[in-house]
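This report describes selected parts of one protein structure in plain terms. Please look at the sequence and the model before reading on.

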Amino acid sequence: MSSTLCLANLLESTNCDLAIISEHKLKPNLLSYMNSIDMRYKSISKTDKLNDLCNCTHGKGGISILYKASLQFSIEEITETNSDRIVGVELKNKSFGSIFIFGVYLPADGSIDNYRQELNALDDLYTYYINYGKVVIAGDFNASCINKNLQFTNTTKSKELKNFVHRHNICHPYINTCNTLLKGPEFTFTLKNTMLDYILIDETLVRQLRRYEILEEGTFSTTSDHLPVIACLELDENPHIDLNNFSKLPAWHKINEHSIKEYQDKLCAPLDKLIQEAQSNDIDINLFYHNLVNTLINTAKDTIPCNMYNPHTKPYWNADVKQAHTKERNMRRVWMQDGRPRGMQHESYFNYKRAKRDFRNIQQLANEQYIEETYDDINNAAECDIRLFWKLIKRQKPKHSKVCQQIIHNNIVHTSPESICNAFANYFEDLYTPADTSTFDDPTLKEMNKAYREIQRVCKADEDLYLPGGIITCDDVSSIIKQLKRRKACGNDMIQNEHLIYGGPKVSECLSIFLNIVVEKQQVPSDWQKGLVVPLPTFGKSTALEENTDTPSSPVLQDSWLSLDSDDSGLGLDEVFLDDSCVNIPPTKRQKTVCDANSVLAGDTNLIADGSSCYSLPTVPGKHKDLKSISPETLTDVLCGRYSDVISSFRVIDCRYPYEYDGGHIKSAENRYLHSMIEDLLHQTSVQVLIFHCEFSQERGPAMLRHLRSKDRQMNTENYPALNYPEIYLLDSGYKSFFQTSSDLCDPIDYRPMLHSDFSADLHHYRRVADVRHFRSKSKSWSSGDRTSRLSRKVIF
């Protein structure tokens with residue numbers, strides 16, 4: 001720690017928010033010393049356990065992250081890095097989510113295996129945490145990912161580092177995709193003038209990189225061989241508000257005439273004060289809007305009854321969750337009665353923490369299952385009547401189709417597609433080509449000037465004020481408010497239509513003054529840039545919440561203003577006319593085949609998916625109405641050969657995770673828990689019957705069955721309704737039910753549940769490998785186009 005004074009000067013000079021320090025001589029007994037370098041900073045540090053306090057050899061050392069205690073973030077250490085050379089923290093903020101920052105000090109010795117082991121640990125961390133936020137990796141990598149430095153470094157290490165960077169599309173200022181201007185030397189290791197120290201940023205964060213600078217040698221230290229690297233990231237505040245807020249809204253449907261009058265009376269005084277403030281020339285639009293919103297909300301809160309707690313906010317709360325919650329609360333009471341001791345050596349604390357962990361796991365599983373079932377219901381509602389849909393399409397489809405046969409342009413008849421396209425191109429080219437002809441002369445200019453003078457007359461309120469569109473009056477605002485619908489969702493400002501509808505004439509007066517100021521100053525409140533984003537499920541991928549399915553909800557006051565600014569005389573294409581000479585085109589042979597096949601399938605629901613025969617096995621009403629389910633007893637008969645006269649071949653597909661499968665499975669069952677494993681079935685020899693299942697046949701089994709059917713349909717699109725596997729069943733109630741009735745047909749004779757406490761690490765691993773969704777809503781920017789500056793926070797490394 002010979003550079004402590006230099007480090008303190010560096011922190012003081014740059015005023016950085018975080019500092020990543022890789023120190024060759026950082027020993028275990030010095031970790032607490034890191035907190036005393038600068039009292040503004042706290043530290044999270046690690047040191048190599050192999051470090052010899054007496055003889056610190058080259059290649060060993062420690063890594064530390066210093067962060068300002070005053071940062072407006074929730075900062076937590078990432079403890080499970082599986083390395084003594086990697087330390088991590090999570091910066092969490094409600095506005096933009098999480099940023100995971102890792103400090104690294106990779107080995108400098110000649111062992112490639114040691115270097116690859118540490119880099120693999122870093123690879124695993126990046127692969128995992130990039131799914132939950134943005135990732136930054138900084139420190140001494142003891143290798144270079146720049147081609148010109150390869151000859152001066154360990155080539156094998158540098159290639160490993162370069163592959164890691166390219167594999168994950170990680171960015172740094174020395175690649176073409178980064179447009180940030182680099183300042184300072186093009187090296188950080190002064191002995192060989194090579195780049196060994198980096199701040200690596202994931203591709204989603206690189207656009208917010210505002211500065212990347214390597215300080216000159218001797219700026220702060222003359223004893224270190226490595227130069228400091230500084231990066232500045234500007235973090236825009238998220239323009240969206242969390243949809244899952246639990247603020248109680250007014251129960252407008254429960255109001256009466258007395259509460260309406262009380263609401264209007266209490267609004268008068270504060271709104272009169274706002275109207276007086278609006279007379280000032282230097283009015284702050286954002287402050288005025290904020291005060292107006294707070295006045296409406298607080299007055300409604302005092303006079304209008306609020307909605308009570310809705311017990312349906314947790315519809316996934318089933319008997320298992322309730323039982324686990326009860327156990328957790330009981331264990332907590334015991335722990336509190338025991339004096340609230342801390343530490344796993346205390347039995348009450350250990351039992352409470354274990355019950356709490358089990359409750360959260362069961363709650364999360366129940367929530368995921370409920371969401372999956374909800375999406376299944378949505379899909380079923382859209383897809384279960386697909387045969388009826390095609391029947392109606394066929395019935396309502398006109399007997400003859402019409403297409404345009406020809407067009408006439410400049411008295412020339414065009415019939416071929418190419419000539420028709422060229423004729424349209426020539427028409428629009430002529431239309432938009434300026435021409436100095438006699439057709440554009442005084443009459444046209446007079447009409448334009450007349451229209452312009454009329455606009456000036458309407459918009460000019462007085463000699464000193466010019467408002468595009470004219471003055472917005474109280475009557476204009478009142479007429480728009482009367483058109484608002486009740487019981488609609490509010491925007492991010494929590495203002496509902498009813499706040500305006502029941503506000504009376506004083507609200508209209510205040511709004512008209514405010515909207516005129518907005519138009520005059522050509523500035524809108526910053527809250528009008530924000531919106532709520534409501535995720536909608538995409539049919540066909542019921543667990544995917546895709547960006548293009550988001551629906552924004554803008555503030556009510558903004559919608560009112562847009563209504564005032566709208567023009568009823570819209571310009572658009574209302575109808576499409578077809579010429580009488582259009583030709584008739586009969587349906588193709590394949591269309592007729594598809595329609596006939598759908599008619600057959602719609603006529604008999606007991607037909608297998610290709611319509612070639614009926615189902616061979618007796619089915620039972622299952623939880624998934626769109627799938628054919630068989631009972632455990634039927635599967636037992638199949639395994640014992642009692643259906644060999646109707647089934648020539650079959651395969652049982654176990655969709656549970658490997659540790660569940662190894663703990664007990666149906667004899668001859670195949671373990672396939674990934675989509676790729678399921679898709680491999682389509683490239684193998686087909687069998688007559690497939691039987692899918694998981695632990696309860698509620699989530700994984702049905703999902704894999706549907707995935708196989710979907711891919712099978714895609715593969716056989718041209719041969720519809722033919723399929724590789726037309727006869728597929730789902731084992732009702734899954735392996736658990738089968739084990740209870742026919743355990744002698746299991747190998748080994750045992751049952752290991754998915755939530756077994758001894759395999760929580762395996763569950764976490766396989767969930768990540770299988771890409772289990774957690775249904776986090778995504779947000780995207782819906783900006784109203786205001787040019788006012790956006791709030792930002794800067795994080796400097």
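Phe 141 touches Val 104, Leu 106, Tyr 115, Leu 122, Leu 161, Leu 196, Tyr 198 and Leu 200, leaving aside residues up to four places away in sequence. Contact here means heavy atoms within 4.5 Å. This is a predicted model, in which local features need pLDDT of at least 70 and side-chain atom pairs count only at pLDDT 80 or more, while totals for chains, interfaces and linings use all residues. Residues are numbered from 1 along each chain as its sequence is written, and side-chain values use heavy atoms, without hydrogens and water.

Phe 141 also belongs to the largest nonpolar core, which has 53 residues; Ile 137, Phe 141 and Leu 161 touch the most other members. A nonpolar core is a set of buried Ala, Val, Leu, Ile, Met, Phe, Trp, Tyr and Cys residues joined through side-chain atoms within 4.5 Å. Buried means under 20% relative accessible area, exposed over 50%, and partly exposed in between (1.4 Å probe, protein chains only). Helix 2 (residues 112-129) gives the most to this core, with 8 residues. A second, separate core of 35 residues includes Leu 271, Ile 283, Ile 481 and Cys 510. In soluble globular proteins, nonpolar side chains tend to be buried together.

Helices (H or I, at least four residues) and strands (E, at least two) are DSSP runs numbered from the N terminus, and two strands pair if DSSP finds at least two bridges between them.

Strand 5 is largely enclosed by the rest of the structure, because 7 of its 8 residues are buried.

| Strands joined | Bridges |
|---|---|
| Strand 4 and strand 5 | 5 bridges |
| Strand 5 (residues 86-93) and strand 6 (residues 97-105) | 8 bridges |

Glu 76 has Glu 90 in strand 5 as its bridge partner. Towards strand 6, Ile 86 is partnered by Val 104, and Lys 92 stands opposite Ser 98.

Elsewhere, Gln 363 lies in helix 7 (residues 347-383). Gln 363 is buried, with a relative accessible area of 18%. Its side chain makes a polar contact with the side chain of Tyr 316 (2.9 Å). A polar contact is a pair of N or O atoms within 3.5 Å; within protein, one must be able to donate a hydrogen and the other to accept it, and residues adjacent in sequence count only if both atoms are side-chain atoms.
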